[in-house]
Amino acid sequence: MKVLHLAAEVFPLVKTGGLADVVAALPPALAAQGADVRLLLPGHPAVLDGVKHAKTVATLGPAFGAARSTLLLGRMPKTDLPVYVIDAPFHYRREGGPYQAPGGSEWPDNLQRYAFLGWVAAHLASGELDDKWAPELVHAHDWHAAMACAYLAAHPPTAAASVFTVHNLAYQGVFPHDDARLLGLPARFMQPEALEFHGQICFMKAGLKFADRVSTVSPTYAREIATPEFGAGLDGVIRGRNGAVSGILNGIDDQVWNPATDSALGSRYRADALAGKAANKAALQAEAGLAPRPEAPVLTVVSRLSSQKGLDLVLAVLPELLRHGAQLVVQGTGDPSLESAFAIAAHAHPGAVALHVGYDESRAHRLIAGADIILVPSRFEPCGLTQLYGLRYGTVPVVRRVGGLADTVADGETGFAFGEATPFALQAALERALQAYADAPRWQALQQAGMAQNLGWAGPARAYLALYDEACRARRDSPRQAPSL
Ligand code: ADP
Ligand code: GLC
């Protein structure tokens, strides 16, 4: 099957979170099982620099306010996966993040930038842009890519079916209703049964309403988002799609996250030879300025600092953790109030609490390899990858029992889980973890059980291929359409 994946970010070129890791690893895993897979990305400077052997396949537009743009076809670095890149200098060749300007404000033209991405996917599917290749199925990731599903639904002759994956329902791509005319879609798409959302336009709804199948990144999150507590206002829309919504757990990329081969580490190790992990711990204590105490449990957080991640709970239990002789090393960026709260804690407890504000990929590997425990106390978590990296690295996860965290960490067997999002509940789970840590054989059994877990992409890739078949059948039998006016 010919499959086109489109997304705003991909590791190692552009990454703000786990989405980039998934978009880098899932397509090659599908290709390994025989699918003919290509990627479609916006031409951010790092993408234009990183993609190999790029050649022009089509001239686009003018469209979405860009006077001149071209569609390139090249190869991803490392995996060699074929990748289309939209080189639209006016929209994408800028410094800053994919969604935000350097100061942290959203790019004011995100509607045009991401509608364009979806529009190109639909036109590739109609065979207009590359006469040598057209997808039979378009797989769109998160709101940035969701408009592809609406453009496909608006062009009935297009054969391609669509799958939309929700990586995080909290980010929805909501824009003023007045800007709907910039989308080039018929008026019937602007009704509440389509893209209209409380007087605005919601890109996430384009995926939820018009994809032939909707998936999310864990079975538990798939159930949670049908409830008002986790549905971020879209739970009714999710319930409306009923049997068309499912959850497929993310995997991890063994080429990138493997303690036996990880080039970011001073010492490599495996489940049956954990001595190298102790060397990584000593190196981390030295690098982070923590006291060189091999017996101290070292806890780590590697995370976006946002309210989603529940890190205020970590701050609340910190005095108790320190009383137990534990050390904490945090790496993250985001919410300035969380950054400064952790900075104050690090300043108040030199040698016991360390903070690195910033985004640093290889340092993230050293933190996850060197720590004993990784904390992921999220308020909600669609899947979560850092607890999976923890499992792979013998770094025992302590997590809140939500979303993908609930589906991947077995309480008392591979990690520790708590229910209520309260400091009290987190503290109780941490006390159980620290007790286990004090019992060396028990701890090693926990580490080895986590490291033995099969976390690769082969299983999830098979599940996506089955979902693609379902989506193609659904497209044939009852294509999604906007209701008439
Ligand atoms: P989310 O996508 O919600 O941020 P995930 O756990 O799915 O959460 O993925 C986060 C990804 O981003 C992981 O690969 C993690 O290692 C990485 N990451 C988060 N913060 C940092 C940071 N400050 N430095 C390096 N990597 C980070
Ligand atoms: C989102 C979610 C995270 C998930 C990631 C990749 O960013 O917040 O839980 O692991 O996407 O699917």
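In the predicted model, a polar side-chain atom of glutamine 331 is placed 2.8 Å from a nitrogen atom of ligand 1, a polar contact here being a pair of N or O atoms within 3.5 Å, where within protein one atom must be able to donate a hydrogen and the other to accept it, and residues adjacent in sequence count only if both atoms are side-chain atoms. Lysine 309 likewise brings a polar side-chain atom to 2.8 Å from an oxygen atom of ligand 1, whereas threonine 386 uses a polar backbone atom, which lies 3.4 Å from an oxygen atom of this ligand. Of the 570 Å² of accessible area that ligand 1 has on its own, the protein covers 93% (areas by the Shrake-Rupley method with a 1.4 Å probe; for residues, only the protein chains shown count as cover). This is a predicted model, in which local features need pLDDT of at least 70 and side-chain atom pairs count only at pLDDT 80 or more, while totals for chains, interfaces and linings use all residues. Residues are numbered from 1 along each chain as its sequence is written, chains are lettered from A and ligands numbered from 1 in the order in which they are written, and side-chain values use heavy atoms, with hydrogens and water left out.

The shell around ligand 1 holds 20 residues, of which Lys15, Gly18, Asp21, Arg304 and Gly358 come nearest (a residue is near a molecule or strand if one of its heavy atoms lies within 4 Å of it). Two or more residues are given to this shell by each of helix H1 (18-32), strand S13 (298-305), strand S14 (327-334) and helix H13 (386-392), these elements being DSSP runs numbered from the N terminus, with helices (H or I) of at least four residues and strands (E) of at least two. Strand S13 provides the largest share, three residues. Domain 1 (2-251 + 458-477) and domain 2 (275-451) each contribute at least three residues to the shell around ligand 1, the domain bounds coming from an automatic or database domain assignment.

Ligand 2 is surrounded by 14 residues, the closest being His167, Asn250, Glu381, Cys383 and Gly384.

The pairing of S13 with S14 runs over eight bridges, and leucine 299 stands opposite leucine 328 in S14.

Backbone geometry was also examined. Cis peptide bonds join phenylalanine 11 to proline 12, with omega about 5°, and glycine 61 to proline 62, with omega about 10°. Proline 12 lies in the loop between strand S1 (2-6) and H1, and proline 62 in the loop between strand S3 (52-60) and strand S4 (69-75). Phenylalanine 64, in the loop between S3 and S4, has a positive phi of about 55° although it is not a glycine.

Notes:
Two strands pair if DSSP finds at least two bridges between them.
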